[in-house]
Amino acid sequence: MGPTASGKTALAMALARRFPVELISVDSAQVFRDMDIGTAKPDAATLAEFPHHLIDVLPPTEAYSAARFRADALAVMAEISARGHVPLLVGGTMLYFKALLEGLAELPQADPATRAAIDGEAAMRGWPALHAELAQIDPETAARLHSTDAQRIQRALEVFRLSGRPLSALLAAGKAQAAAYAFTAIGLLPSDRAVLHQCIAERFTAMLAAGLEAEVAMLRERYPLHAALPAMRCVGYRQVWEVQDGLLPQHELRERGIYATRQLAKRQLTWLKNTLRPQVVVDCLAADADERVARLLGDVLR
């Protein structure tokens, strides 16, 4: 697991040459068919040599979720294990990794009427009073929230009113779903973020040269798309869409795409450092990064 442009795919293929592994993509953009250039999807020849599971799963008109990823990944992992191979999950969608490693809580969907009622109570009584109410029904959640954290207090009360169960209990139940595998999490983190930023700039520039704008035009012609679809909100695609709709000047496309990709990498690094915390961290910029990971994998498989 690592940020965009950290060399995950190349490293995974190098490992596949040496070990009995099968690759599973952990990428919320590569699941979409016909979205190839802007997702940095391996080309057909590469996929023929190194098949990737969970690539080209559905059309860009549909939505994919962490829950669906978890179910799909576990099914594929079982098949791979049955063949005597080892599942190697590779990607940068950190929520998917979290769902697989920790499970997902089954929380009720947001309910506008319930939220409006809570907002009305807050307007009359104040958020500290609702925080005190939350402390009576869900002391564990209340203890980690500030008494004026309106958004989270509202959600915790909403969950209780809709499900009859405290948010903390539902989250604990989700964590109990952790998959029954011995995971070794390897994080590829750059020692110099400026170098990563340069890699991001070079890659997005290459995507434009490879025809990203033409790819988006093709997608718009082939599918009934709109700007709010998850597929078209992916980094790169969103910026090209805005250019094609006249919302963004053409001359700003490259810099906007690079900036958005850098922001994505920043979020990914925050997830890695604060939430996922992989057992092993490797500098993706180091000359011996591939060999270090290969030695680690060799030890795990021994």
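Student: Which residues does Thr-9 contact, leaving aside its neighbours within four places in sequence?

Tutor: Pro-42, His-52 and Val-90. This is a predicted model, so read every contact as a feature of the prediction.

Student: What makes them contacts?

Tutor: Heavy atoms within 4.5 Å. Thr-9 meets that limit with Pro-42, His-52 and Val-90.

Student: Why is Thr-9 called partly exposed?

Tutor: Its relative accessible area is 29%. Buried means under 20%, exposed means over 50%. Thr-9 falls in between, so it is partly exposed.

Student: Is Lys-8 buried or exposed?

Tutor: Buried. Its relative accessibility is 14%, and the cut-off is under 20%. Lys-8 lies in helix α1, residues 8–18, and Thr-9 is in helix α1 too. Beyond its neighbours within four places in sequence, Lys-8 contacts Met-1, Gly-2, Pro-3, Val-90, Gly-91, Gly-92 and Leu-188.

Student: Which residues does UniProt list for "binding site"?

Tutor: The unreviewed UniProt entry lists Thr-4, Ala-5, Ser-6, Gly-7, Lys-8 and Thr-9. In the model, Thr-4, Ala-5, Ser-6, Gly-7, Lys-8 and Thr-9 belong to the lining of the largest pocket.

Student: Why is the pair Arg-83 and Glu-22 called a salt bridge?

Tutor: Their side chains meet at 2.8 Å, N to O. The limit is 4 Å, so the pair qualifies. Arg-83 sits in the loop between α3 (66–82) and β3 (86–91), and Glu-22 in strand β1 (residues 21–26), so the bridge ties together parts 61 residues apart in sequence.

Student: What makes Arg-302 exposed?

Tutor: Its relative accessible area is 77%, and exposed means over 50%. Arg-302 forms a salt bridge with Asp-299 at 2.7 Å, N to O. Asp-299 has 46%, so it counts as partly exposed.

Student: Which residues of helix α12 are buried?

Tutor: Tyr-237, Gln-239, Val-240, Trp-241 and Val-243. Their cover includes α11 (212–222) and α13 (253–276).

Key. Residues numbered from 1 in each chain as written. Predicted model: local features only at pLDDT ≥ 70, side-chain atom pairs only at ≥ 80, totals over all residues. Heavy atoms only, no water. UniProt positions renumbered as here; feature names shortened; annotations may be inferred. 1 Å grid on protein atoms, 1.4 Å probe; cavity = no way out; pocket = protein on both sides within 12 Å on 5 of 7 lines; lining within 4 Å. Helix = DSSP H or I, 4+ residues; strand = E, 2+ residues; numbered from the N terminus. Buried < 20%, exposed > 50% of the residue type's maximum accessible area, 1.4 Å probe, protein only.
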